[in-house]
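This report describes how two protein chains meet in a model.

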Amino acid sequence: MRKKEMIALLLAGGQGSRLGVLTEQKAKPAVSFGGKYKIIDFPMSNCINSGIDTVGVLTQYEPLSLNRHIGIGIPWDLDRRSGGVTILAPHLRAETGAFYSGTANAIFQNMQYLESNNPENVLILSGDHIYKMDYAKMLAFHKRNNADVTIAVLEVPMEEACRFGIMNTDVNDKIYEFVEKPEQPVSNLASMGIYIFNYSLLKEALNDDNKIHPDSDFGKHIIPMLLEREKRLFAYRFKYYWKDVGTIESYWQANMELIKTLPDFNLYEDFWRIYTSDDHQPPTYMGESSDIRTSIVSEGCEIYGSVVHSILGTEVFVDEGAVIKDSIIMDKCHIGKGAVIDRAIIDSEAVIGENVTIGFGENIANELKPHIYDSGISVVGHLSVIPDNVTVGKNCVVYGDTKHSDYRLTENGLELPSGGSVIIESEGGI
Amino acid sequence: MRALGIILAGGNNEKLGVLTQRRAVSALPVGSCYRAVDFTLSNMTNSGINKVAVITQYHSRSLHDHLSSSTWWNFGRKQGGLFIFTPYVSNEGSLWFRGTADSMYKNLIYLKRSNEPYVVIASGNAVYKMDFNKLIDNHIETEADITVVYKDIIDEDFRNYGAISFDETGRLFNLEEKPFEKVSDQISLGIYVIKRTLLIKILESIIPEERYDFVKDVLIGHRKMLKIMGYKFDGYWRAIDSVDNYLKLNMEFLQKDVRTLLIKDQPYIETKPKDEPPVKYNYAAAAKNCLVGSGSIINGNVQNSVLFRRVYTGENSLIKNSVIMEGCYIGNNCIIQNVILDKEVVISEGKSVIGTPEEPAVVAKGEVV
C-alpha cells in the first residue's frame, strides 16, 4: 500500500455519562448537535476537509448507533478503495484481548491497523468535540518544527486553567512540562486532546508504556514519558471555536449559541462543510398556522405550531397549537396538538402527546441524579412516549413508552413534578 | 433486470423563456430541492431499472453538473449504471440529433449491448411518481408491442400535449401532437415501453428513410402494423411547459397531498445532495405555507412560496406566491410577489418585483435588481 503522510484515529468510545439519558443507548459522539448533525460529524468532516482519507474510528460504549451512522463513510466521501473509514472495536486476541482501558491503550490495541497503513504521522482525535480545524495546517506546523509530537492547545482564561491539562511552553511553543489540572497554573494553554505523533515514535512509546501501565493514557502517561525522554513536543495554538459539551447544561447552551444572528460557530460557510448522513434531505414545510422565530430547523420538518428559540432536527412534526420554546427537539420527533415544551431536550423519535406540558413549576434538581439534571432542563429519551394531557416539571427524566398510570394524579391532572423521573425498562433494556 | 431506461432530456421549450435560456427543461429546479429530471430518474431506480441513459442536447452543462455522480440515484454500481449521451462530431460530420428517434438511433450500441428484454422511454420534463414495474407488467399482460402511458385531461392545456385516443379493443387509434382544437379527452405522457429488439429493428428501418421522430414515425407510423396499447395513469403528473405552469406546479408542492406524495412518502425522489446546514430563522422571521430549502437564512416574511436552498431574505421583506431558486439574496425592505427568481439573483435593499399569478415576473439567473 502507498505510504500515507498522515492517517487519523478517532477515539469515539466514550459514554459521556453526564449527558444522562441522551447517552443511555449511544456513545457521546453519536449524540445530535445543531439540528441535523451528530457530534462525530465535526471531526470526521475536519478530516476529509483537511485531506485525510484514512480514518480509524475506535468504538467501545454502545456502538450500534455510531456504526450505523458511519457505515462505510459515504457522507464524508470516505468510502475508498485504499484507506477510507474503518471501525475499530475492542476484540479478542489469541492470548489476551480486553476492552480499551485508556486512550493510549486503545491505540496500542490497534497497532495492527496502524502497521498495515504504516503512515509517517498519526493524528489522534477525540470524537467528543465541536470545532472546525484544518489538520493540514497543524501538520505543516509539526513538520516546520521538526517535532516528534504536536499537541493542539486552546488559550483558556487563566482562572479556568485549573480545570484543564495545561502545557507549559518556551517562547517557541516547545513544551517543557505538562500539568494535569494545576492548582497554580503558570500557563493557560489547555490540551484539546488532538495529537500528531511521528509514527515510529508513537509505536515505541505505546510499546514501552503499555508494559508499565495497563490503562495507558496519553495525558497521564505517554506525554510525561516523552517529555522525560526530552523529545520535541510542540503546542499548536488553536484560536477558534472549540466546545466540549460534557453536561446537559453545556450541551443545551452550545446548541442555543448557534441560534444567535452571528454565532461564534458558523455552520453557513461554503468551504468547510460539515457532512452528515444524507440519505434523504427534503425541504421543510411551514404550515399556515406556524410561527417561527430565532430557531434552527433541519430538513424534512413539518411545522404547524409555534417554535421560538429552539433547535429542531430532521423530520420533526410540530402539530397545530404546540409551542416549543428554548428547547432542542431531535430527529423524527412528533409533537402533538397543543403541547407546550419549555426548556427541554427531546431525543430522537420521541412522541409527545396532545396538550402535554413540559417544564412547568419550580426548579428542583432531579431526585435520582441531582448532579446530572439540575439546570432546569427536562430530558425525554430516544423513542420515549408521553401520553396526552400529562404535565411534566423541570429537571425531569422521561424514558421509555410511558402510560397514564406512570404519572401521579393531582388536582391539576396527571403530573410528573419537578425533579421526578419515569423510566420504563424496555425489552431491549436501557 | 427486466428493463433498461432511456430519458429524453434534450429539449428546450420556447415558452419557458429565460428559465431555459441556459439549461434544458429537465435541469429546471423544482420543489425546493429537486431538478425536473430527478423524478423520472428516481422512478426508474425505484422501479429496479438500474441501467439508464439520459440523452441530452440543448444546453446540457447544468444537467451534466447535476448528474455529476450517478450514486445519488443508486446507479454507480457494478451492474447497470447511468449513461449520458450527447451529440458528438465524427468522420461523418457533426451528429446533432435530428429527432427523438434519431437520438436513440445514434446511441444504438447502448441498446445492442444490453440484454434487458424491455426498454422504458420517458421524458425528463415531468413531475410525477410512477412504478414502472406495474407499467411493464401491464405491457406483458396485454401482449402489446408498444405501450403508451396516458391520462385524462384535468386542467392541462391540451394544445401543449399529444392528444391520444384508443379504439374499442384498446389499441392506439390516433395520436396528434399539440392540436389546436381538443380532439381527445386524453393526453400522452411521453412514457413508453417497448421490447428492446423491436426498438432496434424499428430504428434501423426508419432512420435510413430520414424519419427521425419517435411519436410520428414510430408510434403513429406503425399504429396499424404494431399492437400499440395504452396504460392509464391516475396519479399526480405535471409537465413543465410554460412559465405560469412552472409557478403553478411549484405552488402545488405546498398542497398536503402533493407534498406528501412527492416529498414524504417512500420510495423517495432522490437528488444530488448539497450538505447544506439547517434553515435559520432569525428574530424578525415569519414563514407561512411555504417550503424552505436547507442552508437558507430567513429574516423576512415568507408566504405561500417555495424557497430553494441557500436563500437569504432580509428583514422587513415580503415574499409572497413566489419561487425563489438556490442561492438568491433578497435584501431588507423588498417586496417579491408572484415572481420566479432564477438562481443566484440579488434583490438590492428596498427593491420590489411584482407579477401576477397569470403572468409571473421572471428574473434571469444571476441578475442584480
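## Polar contacts and salt bridges

Between chain A and chain B, 22 residue pairs are in polar contact, both residues being at pLDDT 80 or more. A polar contact is a pair of N or O atoms within 3.5 Å; within protein, one must be able to donate a hydrogen and the other to accept it, and residues adjacent in sequence count only if both atoms are side-chain atoms. By class, the side of chain A that touches chain B has 16 nonpolar, eleven polar and eleven charged residues. Here Ala, Val, Leu, Ile, Met, Phe, Trp, Tyr, Cys and Pro count as nonpolar, Asp, Glu, Lys and Arg as charged, and the others, Gly among them, as polar.

Four salt bridges cross the interface of chain A and chain B (a side-chain nitrogen of Lys or Arg within 4 Å of a carboxyl oxygen of Asp or Glu). One salt bridge is formed by the side chains of Arg273(A) and Glu276(B), at 3.4 Å from N to O.

## Basis of the model

The model is predicted: local features need pLDDT of at least 70, side-chain atom pairs count only at pLDDT 80 or more, and totals for chains, interfaces and linings use all residues. Residues are numbered from 1 along each chain as its sequence is written, chains are lettered from A and ligands numbered from 1 in the order in which they are written, and side-chain values use heavy atoms, leaving out hydrogens and water.

## Area of the interface

Chain A gives 38 residues to the contact and chain B gives 38 residues (heavy atoms within 4.5 Å). Together the chains bury about 3100 Å², with 47% of it on carbon and sulfur atoms. Buried area is the accessible area (1.4 Å probe) that two parts lose on being put together, summed over both. Tyr268(A), Pro283(A) and Tyr285(A) supply 21% of the area that chain A buries against chain B, more than any other three residues.

## Strands across the chains

Strands (E, at least two residues) and helices (H or I, at least four) are DSSP runs, numbered from the N terminus. Two strands pair if DSSP finds at least two bridges between them.

Strand E16(A) and strand E16 of chain B (residues 279-281) run antiparallel and are joined by three bridges. Ile296(A) has Lys280(B) as its bridge partner there. Two bridges also join E16(A), residues 295-297, to the parallel strand E19(A), residues 311-312, where Val297(A) stands opposite Leu312(A).
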